[in-house]
Amino acid sequence: MSSLLDVSQSLSRFDPATGTIGDAPQVKRYLADLRGCFRDTEAYERALTHDNPLVYTVAAVEPAVGEGDLHYGLGVIYPGLVGDEYFLTKGHLHAWRAAAELYIGIAGEGVMLLEDEATEETHLVPLQPNSAVYVPGHTAHRTVNTGVVPLTYLGVYPARAGHEYDVIAERNFRSVVIQRDGKPLMIRRN
Ligand code: S6P
Ligand code: ZN
């Protein structure tokens, strides 16, 4: 019987400084890609008239999509604000709703917004080096850089998880993370 272990696929080296994992594809999201995400739409449009900064990158290793396979991605969110709201990811549910995910903090200071799809109840969980955040299934997740240096993290998820962005684009997260007195604070969107 042949071995299922393909050692060439077992080790990858990631570079937190560039947000890359070997030659795995890297997605770059600029401020202009995040229309609709921020609460203060005037501040968003104003910021865009000056500049279109890189907000975050994700390099993903997504080889096979077999039952039981895992995928993972290295995310880097740059520090910044739109109005009083910190730079953030688009956020998503998994297309396969039951799929959970594990986030592992590597560098920087941030938080995750976790929102139960059914109840719309939101939780704020710190994402920091040497800590892991378990995102259960059926939970929309968005990552936010609340610090002054890039927030770097690894996300590990079932290969079949997939991404559902449209639901989030339509209804958005019920809560936002703003800077108040120099510190992060979660408030309701409206
Ligand atoms: C994938 C995982 C992460 C995100 C990354 C960017 O399931 O949750 O790798 O893709 O944090 O966020 P988003 O919402 O733009 O995919
Ligand atoms: Zn995810």
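I take buried to mean under 20% relative accessible area, exposed over 50%, and partly exposed in between, with a 1.4 Å probe and protein chains only. The model I am reading is predicted, so I note that local features need pLDDT of at least 70, side-chain atom pairs count only at pLDDT 80 or more, and totals for chains, interfaces and linings use all residues. I also note that residues are numbered from 1 along each chain as its sequence is written, that chains are lettered from A and ligands numbered from 1 in the order written, and that side-chain values use heavy atoms, with hydrogens and water left out.

**Entry: Glu115**

I looked up Glu115 and found a relative accessible area of 1%, so this residue is buried. Glu115 sits in strand E9 (residues 110–116). Strands (E, at least two residues) and helices (H or I, at least four) are DSSP runs, numbered from the N terminus. I listed the contacts of Glu115, leaving out neighbours within four places in sequence; among them are Glu120, His138, Ala140, Arg171 and Phe173. Contact means heavy atoms within 4.5 Å.

**Entry: the sheet with E9**

Which order do the 3 strands of this open sheet have? I read E10-E9-E12, with antiparallel pairing. Strand E10 (122–127) and E12 are at the edges with a single partner strand each, so one side of each has no neighbour in the sheet. From one strand to the next the twist averages 20°. For such angles, axes are lines fitted to C-alpha atoms (for helices over the stretch in contact), and the angles run from 0 to 180 degrees between N-to-C directions. Two strands pair if DSSP finds at least two bridges between them; E9 and E10 are joined by 6. Leu114 is opposite His123 in E10.

**Entry: the zinc ion (ligand 2)**

I found four coordinating residues listed: His92 (NE2), His94 (NE2), Glu101 (OE) and His141 (NE2), at 2.1 to 2.3 Å. Donors are N, O and S atoms within 2.8 Å of the metal (3.2 Å for Na, K and Ca); water is not among the atoms, so sites may look incomplete. Why is the arrangement octahedral? The 6 donor atoms subtend angles of 71 to 171°, and this makes it so. Six donors count as octahedral if opposite donors are over 155 degrees apart and all others between 65 and 115. His92 lies in the loop between strand E7 (85–86) and strand E8 (101–107), and His141 in strand E12 (residues 139–145), 49 residues apart. His92 and His141 are both buried.

**Entry: Val76**

Val76 belongs to strand E5 (residues 70–77) and is buried, with a relative accessible area of 1%. Pro150 is 74 residues from Val76 in sequence, yet their C-alpha atoms are 6.2 Å apart. I also checked the open sheet of 6 strands, whose order is E3-E4-E5-E13-E8-E11, with antiparallel pairing. Its edge strands, E3 (26–30) and E11 (132–135), each pair on one side only.

**Entry: aromatic pairs**

How many aromatic pairs does the structure hold? I counted 2. Rings of Phe, Tyr and Trp (its six-membered ring) pair if their centres lie within 6.5 Å; planes under 30 degrees apart are stacked, over 60 edge-to-face, and the rest tilted. Phe38 and Tyr44 are stacked, at 6.0 Å centre to centre and 25° between the planes. Tyr103 and Tyr153 are stacked too, at 5.3 Å and 25°. Tyr103 is in strand E8 and Tyr153 in strand E13 (residues 151–158), 50 residues apart.

Key
Tetrahedral: all angles 85-135°; square planar, octahedral: opposite > 155°, others 65-115°.
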